[in-house]
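Work through the exercises below with the sequence and the model open. Each task is followed by a solution in steps.

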Amino acid sequence: MKLKNKKWSLDKFMQIREEVLKQWDTGAEVDLEDAIEYHKSLPEQKDMSKKLIEAKEEKITLTQPRAGVALIDEHVELLKFLKEEGQADLLPTTIDSYTRQNKYQEAEEGIKQSKTEERSMLNGFPAVNHGIKGCRKVIESLDAPVQVRHGTPDARLLAEITLAGGFTSYEGGGISYNIPYAKDVSIEKTIYDWQYVDRLIGYYEEKGISINREPFGPLTGTLVPPSISHSVAIIEGLLAAEQGVKNITLGYGQCGNLTQDVAAIQTLEELAEEYLSEYDDIVLTTVFHQWMGGFPQDESQAFGVISWGGATAALAQATKVIVKTPHEALGVPTKEANAQGLKTTKQVVNMLKDQHFMPNGVLEKEKEMIKKETKEILNRVFELGKGDLAKGTVRAFEAGVLDIPFAPSKYNAGNLLPARDNNGAVRYLNHGNLPFSEEVINFNKEKLEERGKDEERDPSFQMVIDDIYAIGKGMLVGKPRT
Amino acid sequence: MEKKTLVLGVIGSDVHAIGNRILEEALTKAGFEIINIGVLSPQEDFINAAVETDADVILVSSLYGHGEIDCQGFKEKCIEAGLEDVLLYIGGNLVIGKQNWEETKKKFLDMGFDRVYPPGILPEEPIADLKKDLGIKE
């Protein structure tokens with residue numbers, strides 16, 4: 001495996017493909033020519049790339065849930081309900097956690113037990129086990145674009161099967177589906193495996209089928225500073241574009257401070273456009289994830305969190321918003337709870353679609369700092385790779401120049417400590433080995449000292465723990481417990 | 001008194017890492033010796049770690065809903081490995097969906113767990129229970 005950020009030749013792709021399709025017996029069903037014909041036969045309203053381009057032009061924010069259950073008929077019923085009752089614009093298929101770890105035998109067991117127990121024993125849809133036929137049944141039963149959402153370090157077979165099955169959008173990336181989702185897989189391996197996925201989508205693109213690609217923005221979903229998730233999103237966008245991907249949606253998870261969140265979505269798009277300018281015909285859109293951290297157990301309080309996420313997504317003019325549910329604190333939601341989250345969000349998004357967040361001096365400063373931080377990180381990544389982004393990314397993780405807070409992976413340095421400032425914006429309490437300038441370091445330090453003074457305590461790990469629990473306990477900033 | 005040893009981990013194909021890190025921090029501060037095997041840990045890893053370290057307690061976390069499948073036969077395997085006296089604690093979102101908590105709790109007690117916790121509790125609660133169950137005086 002020689003990792004380079006260079007478009008794979010078709011020969012290399014086809015050679016590796018033979019092995020990939022043998023990982024589970026449904027792999028043998030995949031025929032690329034048939035898959036292309038199948039996509040051509042699908043009506044326009046099932047095309048994710050088109051739907052996102054329209055939304056971008058109209059400056060509206062589309063809603064999308066997360067959802068998936070073990071069996072095909074129940075999965076279709078669930079998605080139909082979210083479309084009709086929940087008014088979802090875009091649909092998902094969330095993949096179960098066994099499939100994400102390529103444990104297809106265990107997924108098979110989960111399918112079996114779901115049938116005998118008459119309830120889903122899996123937390124998602126095991127698409128590889130259901131094969132192309134099962135996937136196409138889902139696609140044909142619904143009149144909206146459907147995206148694969150998962151958390152799979154090696155997602156090559158899953159991509160082959162779901163894309164041939166008619167899905168038009170695929171989430172993930174070599175960093176965003178490794179560092180937060182694995183503990184023992186090298187970054188070199190996942191970047192390589194995701195080059196395969198991107199090359200597959202590049203192949204569809206060459207044949208006139210545009211599949212949307214979405215790197216997973218929120219990473220660990222817990223106090224991730226915007227410049228961290230921006231750096232990862234831009235790297236994954238660039239790696240995808242190199243393999244021929246054209247329709248890219250970059251993501252960001254809500255931090256909770258309105259100004260910081262609006263600044264984050266705006267800078268994500270502005271920075272990505274700058275970095276991706278060397279590639280032709282790229283269409284960039286954005287996705288805003290409602291609060292990904294711990295939720296309040298009380299459903300009314302949870303609706304408060306959901307509404308605030310919806311409002312922020314609309315004011316930031318994200319192209320789509322991924323919606324949470326009032327059952328978030330308790331795990332996988334019922335379809336009714338899922339629809340409630342969607343409707344709550346739709347109401348807020350509709351009310352705010354003609355309102356804009358006005359520049360106010362603070363927004364500009366926030367944007368300036370996010371851009372500065374992100375560029376300082378990315379410059380160093382390029383330097384480490386001597387111009388090659390894939391190599392640079394591997395070395396940057398080794399050096400802690402890229403570092404994701406609270407990640408399980410042993411390939412992540414884990415030196416970072418983020419905390420909220422007095423206004424609830426997420427700052428660097430400890431920036432680890434991030435290659436920051438004095439200006440950036442001092443900016444973050446001053447913000448946190450201000451909070452420390454207010455709370456009469458030094459910023460420390462206890463402050464971070466308090467921040468992690470805060471929203472679940474009804475606050476944004478984790479003030480000392482009394 | 002000698003420190004009590006706790007094996008801590010997140011079972012099955014679950015990658016939720018935040019609570020695991022907070023628990024490690026809180027339990028260490030409370031005076032326990034923590035063997036943290038981390039996320040994505042199969043039953044065998046908990047058992048091997050407990051045998052190797054002569055542990056007093058195994059603490060299992062599960063946040064993603066597959067806990068019910070992942071824990072099948074766990075107590076029996078512990079007994080086979082000679083760990084019949086090791087306390088088994090579990091907590092998190094243990095089943096798929098919002099189900100009656102008392103029923104979920106009973107299900108896991110019947111499976112052989114000694115303590116079962118719902119999602120969202122602070123570390124103070126299991127720490128107090130640990131001290132009680134292990135006969136540690138404040």
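**Exercise 1.** List what A:Phe295 is in contact with, leaving aside its neighbours within four places in sequence, and state whether A:Phe295 is buried or exposed.

*Solution.*
Step 1. Contact means heavy atoms within 4.5 Å. By that criterion A:Phe295 touches A:Ala302, A:Val305, A:Ile306, A:Lys324, A:Thr325, A:Glu328, A:Ala329 and A:Gly472.
Step 2. The relative accessible area of A:Phe295 is 7%, so the residue is buried (buried is under 20%, exposed over 50%, partly exposed in between, with a 1.4 Å probe and protein chains only).
Step 3. A:Phe295 sits in the loop between strand E7 (283-289) and helix H12 (299-316) of chain A. Helices (H or I, at least four residues) and strands (E, at least two) are DSSP runs numbered from the N terminus.
Step 4. An unreviewed UniProt entry lists A:Phe295 under "binding site", together with A:Gly68, A:Asn123, A:Pro180, A:Lys324 and A:Glu328. Such annotations may be inferred rather than shown by experiment, and the positions follow the numbering used here, with feature names shortened.

The model is predicted: local features need pLDDT of at least 70 and side-chain atom pairs pLDDT 80 or more, while totals for chains, interfaces and linings use all residues. Residues are numbered from 1 along each chain as its sequence is written, chains are lettered from A and ligands numbered from 1 in the order written, and side-chain values use heavy atoms, without hydrogens and water.

**Exercise 2.** Place A:Gly68 in the chain and list its contacts beyond four places in sequence.

*Solution.*
Step 1. A:Gly68 belongs to the loop between strand E1 (62-64) and helix H4 (72-84) of chain A.
Step 2. With a relative accessible area of 6%, A:Gly68 is buried.
Step 3. Its contacts are A:His75, A:Leu78, A:Thr94, A:Asn123, A:Gly124 and A:Phe125. One of them, A:Asn123, is also in the UniProt "binding site" list.

**Exercise 3.** Give the strand order of the open sheet of 8 strands in chain A. Which strands stand at the edges?

*Solution.*
Step 1. The order is E1-E8-E7-E6-E5-E4-E3-E2, with parallel pairing (two strands pair if DSSP finds at least two bridges between them).
Step 2. E1 and strand E2 (91-94) of chain A are at the edges; each has a single partner strand, so one side of each lacks a neighbour in the sheet.
Step 3. Inside chain A, strand E6 (residues 247-253) pairs with E7(A) in the parallel sense over 7 bridges. A:Tyr252 stands opposite A:Phe288 in E7(A).
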